[in-house]
Amino acid sequence: MMQTATLETIIEDTAVELLRRAATSLPKDVFAALEEIKKEAPTESALLQIENIVTDARIARESSRPMCQDTGIVSFILSVGDNFPLKSKLKDILREATRRATKEVPLRPNTVDFFKGNSGDNVDPRGYIPFFYIDLVPGDEIKITAMTKGGGSSNIAKLGMLKPGVGLEGVLKFAIDAVAEAGPKGCPPYRVGIGIGGGEDICMMLAKKALLRPVGKRHDDPEIAKLEEATMEAMNRLPIGPMGVGSGKTVIDVNINLASRHPASLPVGVVFSCWALRHASASISKDGNVKYMEY
Amino acid sequence: MAIYHLRLPLTEEDVKKLKVGDSIYVSGDIVTARDDAHKHALHLKEKGESLPVDFSKLAIYHCGPIMRKNEETREWEVVAAGPTTSSRMEIFQDKFIEAFGTKLIIGKGGMGPRTTAACEKFGAVYGMFTGGAALLAADKVKRVKEVHWLDLLGMPECLWVLEVEEFGPLLVGIDCHGNNLFEENAQKTRDALPQAYQVIEQIMEE
């Protein structure tokens, strides 16, 4: 069995690398989708914006520099295996990785406290950021996803506690309204995640997690998959386009997560990602073997 | 939809000839300012205190950059510096333009009716840089000239005075003739909602 101290170092180093990859390298599926939008750009103004975006993303990957100055708020999504030897210590290790990545990548210091000011290291002195989504799974490895999400696309998120009578149609119209209202504010073309049901907190989390699905990967349930496609088509009828120039594609993909709901409630969360959807993943075995996911 | 290459600060004639839809590239000095910097600058002005920069001669850039101090030269360098969402500054911008006589605002995502009115009344324009394109922007910065309020406001919020060359293209989104490209597009988007709803209504009937 590996020394715990060594494993801790491996996790920390891996998490720093994940944050670097997330900030500097747009996932390949997102990049390919943007190139597709570029090919289809109907006007010169749309083409210019999408060209700038694609070029910026390419330079970022090549030069290992952050593609956007807003390197966001950090969250980690963890699937911890039953036999993985580290548990509660993980949070402190990942906080330390965040501090290091802030200096080494570098990331912009983005954690501001009303009383204490900007902590300067992307770690909230009150312990909430980075935020951890933790799942417990069988096996002896841990899977870590680092997600950094910018403020511009977070500011346009919407929570609706709708009347159940409006049904799915009302839910999807609410999501379309959210895109219309967002307009160019959150840097389109957008990824849109829609979380339906659960509760006021659960639908937002489901919506955010939907953004992690590969572009074009439809929901396993064919009925929900159909809604994703229709909603995307509907949203792309809005004349927003790259950076709001008024033409071209507004939405890269729409992903829905559905949970059961209270009979009296119809919660819906709409979470956006700007074109710079940033996440990176790796798994680490209890023996310290690191496997990075393709990015 | 003309393309212009202009020196900063813009002259009155420059401002007058620009129309929404034009593209401009600017060279000269710009200063980053976001929510807190606008608030603080207006607060100092109100109290009659002096300001560290002359906002009338600088273009305002809605941007919270990533900066790094070069270990050897001890000089600041720009790592990434794309625009931030301008609509957050809508609550300050008209007062800011009036107080300081700023002629060019750079950001992304557009601004609202208050800024449009101030641009028309006091002669200013708003130009959009591609959102998120932080490296394209950073690579147009020749030099970091000054920094102010770093300790007070922190790296993203403080004032960075940057000398830029051919900074652009900036899409003119608000001109001094009362036009606002983003407001026009927002209206078109609202008008297109029934068309978008139709897709959902159809699929629900199936």
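Between chain B and chain A, 18 residue pairs are in polar contact, both residues at pLDDT 80 or more. A polar contact is a pair of N or O atoms within 3.5 Å; within protein, one must be able to donate a hydrogen and the other to accept it, and residues adjacent in sequence count only if both atoms are side-chain atoms. By class, the side of chain B that touches chain A has 24 nonpolar, 13 polar and eight charged residues.

The model is predicted: local features need pLDDT of at least 70, side-chain atom pairs count only at pLDDT 80 or more, and totals for chains, interfaces and linings use all residues. Residues are numbered from 1 along each chain as its sequence is written, and side-chain values use heavy atoms, without hydrogens and water.

Three salt bridges (side-chain nitrogen of Lys or Arg within 4 Å of a carboxyl oxygen of Asp or Glu) are counted between the two chains. One links the side chains of B:E206 and A:K226 at 3.5 Å, N to O.

In total, 45 residues of chain B are in contact (heavy atoms within 4.5 Å) with 51 residues of chain A. The buried area, the accessible area (1.4 Å probe) lost by two parts on being put together and summed over both, is about 3800 Å². Carbon and sulfur atoms give 66% of this area. B:I66, B:L135 and B:I200 supply 15% of the area that chain B buries against chain A, more than any other three residues.

Technical notes
Chains lettered and ligands numbered in written order. Nonpolar A, V, L, I, M, F, W, Y, C, P; charged D, E, K, R; others polar.
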